[in-house]
Amino acid sequence: MPDLRPVIEIRARFWRIVMMASILFLFIGLYFFQILHSDRYVKLAWDNRLRLVRIPSSRGEIFDRNGSPLAVNVTTFDILGYPLDLERDGMIERLSLVLSKHGFPIDPENLSATVKRQYWAPYRVVRVITNLTLPQMADLVADPNFPSQCFPMAVWRRTYPAGSLVSNVIGYAGEISESELRQKPEGDYVGGDRIGKGGIEGSYEDLLRGRVGEEAIEVDARGRRIRSLDYRAPVRGKNIRLTLDLGAQRLAADLLRGFRGAVVALDAYTGAVLVLCTSPSYDNNPLSWGVSAREWSVLTDDPTHPMMDRAISGVYPPGSTFKALVALAALQENEVTGATSYYCSGEYQLGTRTFKCWKRGGHGTVRLVSALQDSCDVYFYQVGLKLGINRLIEWGRRFGVGARTGFDIPGEAEGNIAGIEWKKERFKESWYRGDTVNYSIGQGFLLMTPLQIARMYAAFANGGLLVTPYLFGEGRNPPVHIAHSPENMNLVRKGLLDVVRQGTGWRAGTYGVTVAGKTGTSQNAHGNDHALFAGYAPAERPRYVAVAVVEAGEHGSSVASPIVGQVLSYLIARDTRDTAVP
Amino acid sequence: MDDRKSVFFEELGSIDWLCLVPALCLFCIGIVTVYSAGGGVAGRGAFFAVRQILWGLIAACVFVSFHVIGYRWFLNFAYPIYAGLLGLLFIVLVVGLTVKGSQSWLYLGPARLQPSEIGKIALALFLAKHLCRYPPVTVTALISGALLAGMSGLLVLLQPDMGSSLVYALMIFVGLIISGAPKRFLAGICAAVLASLPVGWHFLKEYQKMRILVFVDPSVDPLGAGYNVIQSRIAVGSGGLWGKGFMQGLQSKLRFLPEPHTDFAFSVFSEEFGFLGTALLLLLFSLLFWRIVDVGLRCKDARAKVLVVVLSSWIWFQMTEGIGMSMGVLPVTGLPLPFISYGGSSLVAISAALGLVTSVYRTTRKNYE
């Protein structure tokens, strides 16, 4: 093998020269840029003659399923300026004076804080004052004292025509907060930008927002525009049409008026949400225009929690509405048949404890269908014990209890269907048979959101499909099949139909459509019992599911069932009306 | 016990301080830079600085281990190490996690590893061993050597990490030059690369094409891809002779610079410390490179010569690219600036390289062996 070393050494020396030469080039380059800096842009920035303007894109609008507007844009005017100009001596004071004279009292400290909050670079535009109408803007700009370095720009602002009716669904779009800004990837948003918060505005922010435009301009020494260096046009956001039916939503809100509670209605087969109503509610219009800290705290400190969407984040014991699930589970597990009978004397003795039926005198001999119809507790105590807590929980989970539904707006609660281990961890106590007894009538540690209850009843209505509720984007999550036999399902559905025909929920059936469903009364540690009703219609060929929860409404039969009956009747009447029109 | 201890200290005494001191100075500059780039204590600067110092401690351990074990041991296992690298890169390609659209991270417990960084060591070892065993003086030896070495570069390119694959390509090319490939072969390679450039253009991603176009003329898209280049150039340019002073840089503080603690670390440094600072930085780098090649010239082992030169080419390329990119005279690639940019994998890999270099230096001192 020839000795490579001589040639290696020659070439290594050569390589060293190459490296040193390149460093020399870099040195010269740095000298050029740092000492002579003659680059055009460097010069512009150096001479303070480069300006950047952000041009907001028009936000996509939101409509209900019939095209009624839920969130639209109106044009207003902002007064803009560059920190570079504003931070000159006396400018803030002068501007503050002019603004006060025209009815916008803002002291210099506040004005400086506003500029500072949006500060990104001396030559990027900031919003000095926002939300002016055309006459206000014209009046202000016409003032001879108005600084020529500031200028007006037409921008959109959000208004919500339906206001508090759908504020829980829509959320609102407002100025981005410090913490939100920090969470976003660098450069996507800057201070002063608007961003969707909560609801549809939040979930579909990327779709609604579009793309912000930007313009780089060269100005002269007095800040006047000379020419545009670069322009990137803003791109309008996409419009969104929801599955929500504003008419039905309004009806539900009217029925709930004066109560605290929620109403949910779904398409039984697709999970499309037609009604998502919560009461009390709040008006989202002021929030999108900006509210003061005090106005904000009035909203958040309200003891009735108007900003909480009870339909998806309120959790309630499902009460007797849960019995339909217990019945189906017991049938599926072959623990009972339609013919299995129990005797209800009005109470059930378990060891030393006595569990009462809601009907003191007792129901006598009951079978599955009649137990559902009369909501007999004693029947379900015994069926639940026979089934056992583990199978009960497993069936609950199969119907989506204790898990978020995957709904497309944020804020969903999980509810609770935790069992033996959970209790041991939480209360350091073992599981008693009495706990199982409580679960079998939907009480105890069981907690569900109205949306989860609606989803559970959709599965009864459609014959065993677990749907994913959604407001936008059909077919995003296809329904999941959960095992069942049609005979068992029909037996439960017969029971639910009899509830309305001749049982506890008869009031739901008085609005012209055949409803099947179940009443519920759930214990409330803080006051009167909550009233629930979950049902679907038409009973023969179900299309819609609706759930009403009325906090402290006492008995489900009297308060909640008429609400569900009327909402379902409205939805079905609307369908026939639509098909009648050619 | 005592005896072993003294041997250990003797090993430490045999570290090449002329090589290490510039590196340590550069590391300190890096800490200052990432601290400032992250916005100091108020921002995430302190977090970056502490993390970087912790990585520095790990890097120091790696450096000492490589120095003590010595390059010969590594060269003995050059082939298996290189095979391991190919395997690792393949795994990363298949299961790697996506960071900014490229799969280059591998999670090993709490540590996040960038195999393409560590792989540069494996590639250098492979080149040193293989090119001295089969000198690329015949067409067959040259092509087979280049193809074997090129496999790692190809895997990195597929990640896709164009910046790192350029480093791999340069290391291979320098390896061929140093190990005595005839000039006409080298000219042939250059011609082939030039000829294939138009074909390669089609394989580039849109953003990569934009980076190159913008490099040619930043005003093609001053608000988009060109924005970084212009802003970085403004940062560098506004540093002037003296700089704006520590923590006084405006361009980086005001979020003008994208990723000021990694890609554009040099821009932050040059804005705050001016031409004097950058000249010092260049001086430290040139001392380091001079010394690395010097170690190669002094030693008697041909493989060690090839090894240190190939290692120097890697650090040199990233330095040139990092600084040139900040000035806007080279396209943006996203490669870290050695010692300065925030990032553990790069620091550890470079420490390993320096450990190998000083272990070569050690053999030149032991004349009595």
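Leaving out residues up to four places away in sequence, A:Gly553 touches A:Asp529, A:His530, A:Ala531 and A:Val559, where contact means heavy atoms within 4.5 Å. This is a predicted model, in which local features need pLDDT of at least 70 and side-chain atom pairs count only at pLDDT 80 or more, while totals for chains, interfaces and linings use all residues. Residues are numbered from 1 along each chain as its sequence is written, chains are lettered from A and ligands numbered from 1 in the order in which they are written, and side-chain values use heavy atoms, with hydrogens and water left out.

**Loop around A:Gly553**

- A:Gly553 sits in the loop between strand E21 (544-551) and helix H23 (556-580) of chain A; helices (H or I, at least four residues) and strands (E, at least two) are DSSP runs, numbered from the N terminus.
- With 8% relative accessibility, A:Gly553 counts as buried; buried means under 20% relative accessible area, exposed over 50% and partly exposed in between, using a 1.4 Å probe and protein chains only.
- A:Gly527 is 26 residues from A:Gly553 in sequence, and their C-alpha atoms are 10.0 Å apart in space.

**Helix H20 of chain A**

- Helix H20 (residues 433-440) of chain A has 6 of its 8 residues buried, so it is largely enclosed by the rest of the structure.
- The buried residues of H20(A) are A:Gly434, A:Asp435, A:Thr436, A:Val437, A:Tyr439 and A:Ser440.
- These buried residues pack against helices H15 (323-332), H17 (377-387), H18 (389-398) and H19 (420-427) and strands E14 (347-350) and E15 (353-356) of chain A.

**Backbone features in loops**

- The peptide bond from A:Ser279 to A:Pro280 is cis, with omega near 0°, and A:Pro280 is in the loop between strand E12 (273-279) and helix H12 (285-289) of chain A.
- A cis peptide bond also runs from A:Ala537 to A:Pro538, with omega near -10°; A:Pro538 is in the loop between strand E20 (530-537) and E21 of chain A.
- A:Ser375 is not a glycine, yet has a positive phi of about 55°.
- The loop that holds A:Ser375 lies between helix H16 (368-374) and H17 of chain A, and A:Ser375 is buried at a relative accessible area of 4%.
- B:Phe339, also not a glycine, takes a positive phi of about 70°.
- B:Phe339 is in the loop between H14 and H15 of chain B and is buried, with a relative accessible area of 6%.

**Chain B: composition and confidence**

- Chain B contains 15 helices and 3 strands, and buried residues make up 57% of its 369 residues.
- Of the contacts in chain B with a separation of 6 or more, 71% are between residues 24 or more positions apart.
- The average pLDDT of chain B is 83, with 82% of the residues scoring at least 70; pLDDT is the predictor's confidence in each residue, from 0 to 100.
- Within chain B, confidence is highest in helix H4 (residues 71-76), at 94, and lowest in strand E1 (residues 97-99), at a mean of 48.
- Over residues 98-102 of chain B pLDDT stays under 50, and the model has 8 contacts beyond four places in sequence for them.

**Buried arginine in chain B**

- B:Arg291 belongs to helix H13 (residues 265-298) of chain B and is buried at 8% relative accessible area.
- Its side chain makes a polar contact with the side chain of B:Asp16 (2.7 Å); a polar contact is a pair of N or O atoms within 3.5 Å, where within protein one must be able to donate a hydrogen and the other to accept it, and residues adjacent in sequence count only if both atoms are side-chain atoms.
- Apart from neighbours within four places in sequence, the contacts of B:Arg291 are B:Asp16, B:Leu18, B:Cys19, B:Arg298 and B:Tyr361.

**Helix pairs**

- Helices H3 (residues 45-69) and H15 (residues 344-365) of chain B pack at an angle of about 30°, with their axes 7 Å apart; axes are lines fitted to C-alpha atoms, for helices over the stretch in contact, and angles run from 0 to 180 degrees between N-to-C directions.
- That makes H3(B) roughly parallel to H15(B), as angles under 35 degrees count as roughly parallel, over 145 as roughly antiparallel, 65 to 115 as roughly perpendicular and the rest as oblique.
- H3(B) and H15(B) cross in a right-handed sense; a crossing is right-handed if the near helix is turned clockwise from the far one by less than a right angle, and left-handed if anticlockwise.
- Between the chains, the axes of helix H1 (residues 5-35) of chain A and helix H14 (residues 302-327) of chain B come within 11 Å and cross at roughly 15°.
- That makes H1(A) roughly parallel to H14(B), and the crossing is left-handed.
- Residues making this contact include A:Trp15, A:Met19 and A:Phe33 of H1(A) and B:Trp316, B:Met319 and B:Ile323 of H14(B).
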